[in-house]
Amino acid sequence: MAGVTMWSAILCSALIFCFDCSEARTFGIDYENDTFVLDGKPFRYVSGSIHYSRVPYQYWMDRLTKMFAAGLNAIQVYIPWNIHEPFQGQYDFSGQQDVVTFLKLAHSIGLYVILRPGPYICAEWEFGGFPAWLLKGNSDIRLRSSDPRYIKAVDQWFDVLLSEIAPLLYVNGGPIISVQVENEYGSYFACDYDYLRFLRQKMIDILGNDVVLFTTDGDGIGYLRCGTLQGLYTTVDFGITYNPAQNFNVQRVWEPKGPLVNSEFYTGWLDHWGESHSHTDAAAFAKSLDLLLAYGANVNMYMFEGGTNFGFWNGAEYPPFKAIPTSYDYDAPLSEAGDITEKYVAIRQVISKYYPPPPIPIPPSTPKFAYGKITMNLVATIPDYLEKYTPGGPIKSKYPINMEEIDHYYGFVMYRHILKDNVSWPTTLDIMGVRDRGYVMINQIPFGIIERDKNTSVNITGVIGDYLDVLVENQARINYGNNINDNRKGLITNVTHNGDPLTDWLIYPLLENITLVQPFSLKHSYPKQNGHLSTPALYAGQLVVPMEAAHPMDTYFDMSLWTKGQIWMNNFNLGRYWPAAGPQIRLYVPKPVLKQGENTVIMLELESSPCIQDGNCFVTFMDQPLINGTVHPFLGHRHGKLGHHGYLP
Ligand SMILES: CCCC/N=C1\SC[C@@H]2[C@H](O)[C@H](O)[C@@H](O)CN12
């Protein structure tokens with residue numbers, strides 16, 4: 001009977017979505033009976049994580065419906081601060097950032113929401129969700145603490161965000177049953193209880209007392225010591241286990257009574273460029289889920305739908321510095337493209353042992369189409385492009401300036417210095433402060449690649465008046481650990497030549513909206529070649545999608561002949577590609593970014609263009625993903641000697 005009660009409660013709440021319900025809606029904790037209570041009745045959630053920022057908004061309903069069809073009664077959602085406040089005081093809750101609509105969709109389907117508004121979210125997301133402008137002028141800021149500069153920014157952000165959220169609380173007629181404070185705070189060095197008290201009070205001030213506030217930490221005593229606070233319900237996270245009692249004994253140290261909660265039950269795991277794709281066995285996971293449900297635990301499966309790090313939104317771990325790929329598939333029950341997997345079926349079967357299957361069929365996977373090969377054409381080398389298309393011209397500075405100080409937070413910046421001396425023999429250029437990867441050129445001839453904490457010097461030759469260009473890629477701001485404060489990007493120190501700092505720089509930000517000039521008036525600027533390296537350059541192609549009702553469809557970009565770069569489709573930034581490193585070889589292209597007829601593809605190839613190497617100037621659109629390809633742990637540049645100009649490390 002309990003199962004029927006649950007579905008009737010859900011469908012009832014879904015049908016009476018309202019903001020001014022007459023009957024009291026309550027959600028809380030019954031410590032006596034170790035359970036959550038919903039409207040006075042015992043309640044257990046079986047939840048899955050989905051990040052609206054990683055799924056095209058046109059596909060939100062599709063993924064949420066599939067989660068409901070799996071038998072979930074709740075979803076867990078992070079709110080990345082940086083997509084909603086791109087510049088301090090400028091807010092965006094529209095389109096892909098329309099979190100209120102996303103939560104209302106969940107509610108309309110009959111899913112409750114466990115909300116995790118941060119302000120820090122980790123999540124292998126750029127800077128753990130923090131906006132990069134926090135670092136501007138504050139190179140010594142202490143994030144995730146009572147640092148007044150940080151607290152001021154959080155206070156202003158939470159005034160805006162929590163006011164959007166309050167009407168969606170369960171008590172106010174919405175789907176939100178609980179709200180997490182911070183994120184695995186016990187794993188962070190600061191251990192600042194005043195900071196946690198500030199967050200707790202801020203949430204109470206705006207959300208009121210009728211919502212369950214909780215914390216999540218790894219299931220270790222050491223993590224929990226600094227991770228939680230009186231008045232915040234302590235929960236833990238852990239992966240596959242065959243002894244739930246052991247895992248929950250840690251939670252019981254802080255919560256001797258109350259519901260058992262695994263807030264992040266890992267269905268898979270994250271990937272890094274240059275490392276094999278992570279995999280978690282479906283049967284093993286299902287067995288562990290069965291044990292947890294039989295144990296009476298509340299479970300949130302992290303991730304249930306992983307999605308994609310479009311644009312520059314991937315995060316990174318450190319040390320060593322390891323960037324997260326564009327795919328956030330996570331080996332989750334729903335694939336990056338929302339396809340039903342073996343793991344999904346196994347999970348649905350386990351849940352149906354405890355609750356009646358939901359009254360809807362499992363929606364089908366979306367159709368995929370192999371649009372085949374298209375030819376790419378050179379647009380311009382990056383040095384030429386930036387010289388012509390940097391609005392307002394370059395920034396002039398005696399010494400290099402990091403990206404945050406020029407209000408250019410993501411992607412690429414080119415630093416140019418005009419040689420003041422002749423350099424007849426190869427001498428060493430040191431760029432210790434490269435954050436994170438740089439491409440060194442003299443008059444557009446590639447001299448080498450520099451990488452943070454690895455190879456930070458290149459031998460150069462040149463004459464007075466030559467252009468020394470350093471194109472720097474911000475590969476991601478660290479999203480986890482104690483180094484999250486050390487996240488400035490671009491060139492963060494001087495560049496020295498034979499030990500002497502080079503002065504007088506021109507700084508060109510490469511802007512997100514790659515605008516193209518037809519006909520490509522810069523076509524004469526053909527990339528230079530040095531060994532396997534070619535001048536970083538932009539290439540364009542046209543994908544023609546049939547004018548038929550079934551099209552467009554999801555598809556996958558295969559650029560396995562290319563090396564490393566960025567890719568745009570109709571000016572939508574699909575993300576980073578790095579098939580030379582792996583494991584991701586193809587990028588997911590969701591149907592919503594395509595249109596019938598002509599679709600413009602723009603590629604920024606940073607390292608080694610097949611157009612020059614071997615004339616294979618094309619990319620191919622396939623109907624299958626490839627995120628578990630061969631990996632090259634030396635961070636994936638085509639090995640080989642350069643010519644007389646320089647050498648690869
Ligand atoms: C051993 C490092 C543990 C760090 N915590 C991780 S790695 C994957 C997940 C997500 O980042 C999630 O956002 C974190 O809360 C917990 N977690």
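Residues are numbered from 1 along each chain as its sequence is written, and side-chain values use heavy atoms, with hydrogens and water left out. Because the model is predicted, local features need pLDDT of at least 70 and side-chain atom pairs count only at pLDDT 80 or more, while totals for chains, interfaces and linings use all residues.

**The annotated site**

The "active site" annotation, taken from an unreviewed UniProt entry, covers Glu184 and Glu264; its positions follow the numbering used here, feature names are shortened, and such annotations may be inferred rather than shown by experiment. The two residues span 81 residues in sequence, yet no two of their C-alpha atoms are more than 10.7 Å apart, so they gather at one spot. The table sets out where each one lies and its relative accessible area, where buried means under 20%, exposed over 50% and partly exposed in between (1.4 Å probe, protein chains only). Helices (H or I, at least four residues) and strands (E, at least two) are DSSP runs, numbered from the N terminus.

| Residue | Place | Relative accessible area |

Contact here means heavy atoms within 4.5 Å. Leaving aside neighbours within four places in sequence, Glu184 is in contact with several residues, among them Arg144, Asp237 and Tyr480, and Glu264, with residues up to four places away likewise not counted, touches residues including Arg116, Asp237 and Asn300. The side chain of Glu264 also makes a polar contact with the side chain of Tyr78 at 3.4 Å, a polar contact being a pair of N or O atoms within 3.5 Å, of which, within protein, one must be able to donate a hydrogen and the other to accept it, and residues adjacent in sequence count only if both atoms are side-chain atoms.

**Helix α10**

In helix α10 (residues 342-351), the residues Lys343, Tyr344, Ala346, Ile347, Val350 and Ile351 are buried. Seen down the axis of α10, these buried residues fall within an arc of 165 degrees, so they line one face of the helix; the arc is that of the directions from the helix axis to the C-beta atoms. Glu342 and Gln349 are exposed on the face turned away from the buried side.

**A four-stranded sheet**

An open sheet of four strands has the order β22-β18-β25-β26, with antiparallel pairing, where two strands pair if DSSP finds at least two bridges between them. Its edge strands, β22 (457-462) and β26 (500-501), each pair on one side only.
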